[in-house]
Amino acid sequence: MMMTGADEFQRPRVITPFPAPKLSDLPMFQGDHKESLYWGTYRPQVYFGVRARTPHSLLAGLMWLGDEKDDGKHAMRHFCENSQDLKSFGWREHNGIDFGRQELLDQDMILETSFVKSKEGSLGYGGDWSVRINLINKGLDDEVKRTVHLFFYIADEGGNVLNLGKDVLELKESSLLASGSRADVGNWQMHLTSQSQAHFETHYCGFKTPDIVNLSDAVQNNLSVQENKTGRLQLSDTSEDSSSIYVFQISTTTQSTIDIAFVSGIREETSDVEQRIMSLTGSPLSSLLEEKHIAFDAKFKECFHLSEKLDSEILMVGKAAIGNMLGGIGYFYGQSKIQAPISSQAKSEDEFLLYWPAELYTAVPSRPVFPRGFLWDEGFHQLLVWRWDFRITLEILGNWLDLMNIDGWIPREQILGDEALSKIPKEYVVQIPSNGNPPTLLLVIRDLINGIRAEKFNKEERDEILSFLDLAFVRLDAWFQWFNTSQKGKEMGSYYWHGRDSLTNLQLNPQSLSSGFDDYPRASHPTEDEKHVDLRCWMYLAADCMNSIIEFLGEKDRHVDYSSTVKLLSDFNLLNQMHYDHDLGAYLDFGNHTEDVRLVWKEVTGDDGRVSRELVRETFGKPELRLVPHIGYVSFFPFMFRIIPPASSILEKQLDLISNRSVVWSDYGLLSLGKTSSLYMKYNTEHEAPYWRGAIWMNMNYMILSSLHHYSIADGPYMDKARTIYEELRSNLIRNVVRNYDETGYIWEHYDQTKGTGEGGRVFTGWSALILLIMSEEYPLF
C-alpha cells in the first residue's frame, strides 16, 4: 500500500468511490430481508461453512480426515479442491435463504451435510441454525462400518474470546461445545447431539488467532504431536489462552448422524435454550428438513415448469444446477489491489493501491477453482437466480454496482479477504483500471424489465424493481460512459478491448483477458486500430438497455440520450461495412494481423551464463490492417444480439456456419473456435493450454440457442431452418451435460470439443448452470 492516512486528501481517482447513494442501503434490502439473509453457507471455498453477512463474523466449518496419502499422512478435507480426491460433491438442494442439502462422496462414504435456519423462539439477530451431518456407507454392507474423524470448528473473526463447554470430553445426549457473546447476536451457544447408537469420542483444541486459511495445517500438526505421544489420532484437549477458535474432533463410524445446533440471543430471564436445542435436533430437525425439501421441490416446479415426464436424471441435474448456484453464493469483505497509475509513486509492479474496504454478496463460478466474484460471470449467474428469487438478484447487482469508482470503473475480479486470496495465483490479484469486462449485468436488468412487461411480477415486486433501477441509473450511466470513452476505437461506432500486450514475445496471440475470452484469437499485433465485434455488440446491448430504463421509468429529464447510440450500433449496413466478411459469410474482428506467427524454440543465455531453451513467438509475415479470419463465438455476436434482420440472407449464412460440422458444430454443443482457424486447439505459450480455442462453453451456447429460438419464431424465410438447428443443439447440450453428470457427479466448466467430456473446473455451477434455463426454454428477451 503506497498511501498513508495523511495522504487521504490526495486519494487517487482510481480508488475513490463513486459519489452516489449506495444501492445496498436501499430500504428493500433492510429490515426483515436483511435479517433473513444474515446467516448462510456464505463460504463457497470450503466443503461446508457457515458465516454471517458482516465483516468480522462468527463462522463455522467442517473438516474431516480422508484416506492416507503416499507419505503416510491423512489428507485433511477443508477447502474445496479441483481434484479426484472426492468422487463428487455439491449441493443437491439449496433455496438461497434458510436451507440446503449437500452430498460429498469420499471413497466408500457419503458425507451428507444439511443446513437449516429457524427464527422461532430466537431473540438473536438472524435467528438460530442447525447442521446435520449424516455418514452413510456407499456400496458397503450396513454392518461394515469405517471410522470417521470429523472436525467441526467455530471461530470469531473479530477476535472475541470463546468459552469452552464443560462436558466436551464426556459426550452426553446433548453437549454444550462452546459459547460466547457478540454485539450482533448477543449471547450464543453451540450444542452437539448424537442421533444414533454409534460410539462417539470427542476431543478439542483451541487457538488464539482465528487463522482459517492455515487451520487445517494447525489441526494436523496438533494431531501429529498427539499421535507421536499416544499412538492415537486425537486432538490434544488443550487450548491457548483467550482462544477465539475451537476445533472439535468427533470420532465415530459410518451409519451415524450428528446434529450441531447454534442458538443466539440467549437471555437468562427467558432461558428456553434446552427447548430451542431440542427443536433444532433429532426428530424435530428431521421434520423441518423434510418440510424444507418439499418446499424446494415445489418452488423448483413453479419456477422452471419442467415436466414430470422428463427423465429423473434430467430433473436431478436441473436441481443440482440451481442448488449449487444458490449454495455457491458467498459473502466477502476486504480491499481489492489496484495497479497504481503510471503517474503515481509506484516503483514496481509489486506496488499497488488499495481500494476502499468493501463487502460483496455474490454468486461464484466454481467453488473449488473460482470461489470469488467475477464481473462478467455474474450477469449470466443472475439470469438464472432472478427466476428463483429476484430480490437476491437485485441485492447482488447492487453490491457489484457499489464497487464502482468515481470514473465509473468496476474491478472485474473481486479477491476480498484472506480466504479468497489463498485460492488465486499472485499474478491475477492486482486489477488493472484501464481494463473492462463485458457489462453482462445489463443483460439481467433488461431481462427484468422484459419480465415486468410480460407481467411476471406483481405490483409490489414491480415497484421494488423500479425503485432499484431509479437509484441505480446514475451508476449504470457512469458505467456505460466509462466503456464508451475508455474502450472506444478510432472509428465512430468501433470499440476494442484494452489491455492486450503488444510487446510480448511469449504468447502466440496476445490475450484479451478483459473480454472474458482470454486466449480467443484476435489480431496478431495489438494496436489502437483494432475493432472488436463482440464489444461493439455489448455496447449496443448496454445502450439499448439504458434506453429501455429511461423509457420504462417514464422520465425524459435525465439529460442522457441513448437512442442515437442505439441507432448507430444497430445500423446493419454500418456493422457489415466494419465487420462482415462476404467470402466467409462471417462477422470478424479487425486489426493489424498476419497468420504467419509461430512459437519456436530458441536458446537463451541467462544472467548466470547458463543456456536454456525457451519457446518464443516469431512473426514470419508482415502484419496488415484487415479482418481477422478466425470464426468462433465472437463471430456470432451480431446473431446473439439479434441485430441481423430475420429476412436477411446474412442470417442464413449464420445458420449455415452454426450447423457446419467443419466449423463449430458438434454432437455436444458449439465449439468456441472453428476447426478452420489456424489457432484451433493451439497452445498460446509453452504451458498455456487452449482455453477458448475449441472447447464447448455453456454461456455462449445459451446465448446462441436463445437467438436460434428467437429467429425460429420471428417472421422470416429462415424460421424453419432456425427451429431445426435450435431443437438439435438444445437436445445435444442437455444430453451431454446430463451424461457427464451421471458419469462424474459434476457440472463442468467446459466440455471437450471431440468427445464432449467435462473439463476444467468441477462444480462449475456458475454459467454452466444455465443448462437449467435451456431445459426450461427460458431465454432473455431482446
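## Pockets

On a 1 Å grid over the protein atoms alone, a pocket is an open set of points with protein on both sides within 12 Å along at least five of seven lines, a cavity is a set where a 1.4 Å probe fits but cannot get out, and lining residues have an atom within 4 Å of a point. Grid points are joined across faces, edges and corners, and a volume is the space filled by probe spheres set on the points. The structure is a predicted model, in which local features need pLDDT of at least 70 and side-chain atom pairs count only at pLDDT 80 or more, while totals for chains, interfaces and linings use all residues. Residues are numbered from 1 along each chain as its sequence is written, and side-chain values use heavy atoms, with hydrogens and water left out.

The largest pocket has a volume of about 1000 Å³. Its lining holds 30 residues, and E427, Y428, V430, I432 and L513 are the closest to the centre. By class, this lining comprises nine nonpolar, 11 polar and 10 charged residues, where Ala, Val, Leu, Ile, Met, Phe, Trp, Tyr, Cys and Pro count as nonpolar, Asp, Glu, Lys and Arg as charged, and the others, Gly among them, as polar.

## Cavities

Five cavities of 30 Å³ or more are counted, and the largest cavity has a volume of about 70 Å³. The largest cavity is lined by L508, N509, S524, H593, T594, E595, V597, H630, S678 and L679, which divide into three nonpolar, six polar and one charged.

## Overall fold and a helix pair

The protein has 18 helices and 30 strands, taken as DSSP runs (H or I, at least four residues, for helices; E, at least two, for strands) and numbered from the N terminus. Its radius of gyration, taken over C-alpha atoms, is 27 Å, close to the 28 Å that the globule rule (2.2 Å times the number of residues to the power 0.38) gives for 782 residues, so the protein is as compact as a globular protein of that length.

In the contact between helices α4 and α5, F296, D297, F300 and F304 of α4 meet L315, G318, K319 and I322 of α5, contact meaning heavy atoms within 4.5 Å. The residues of this contact comprise five nonpolar, one polar and two charged.
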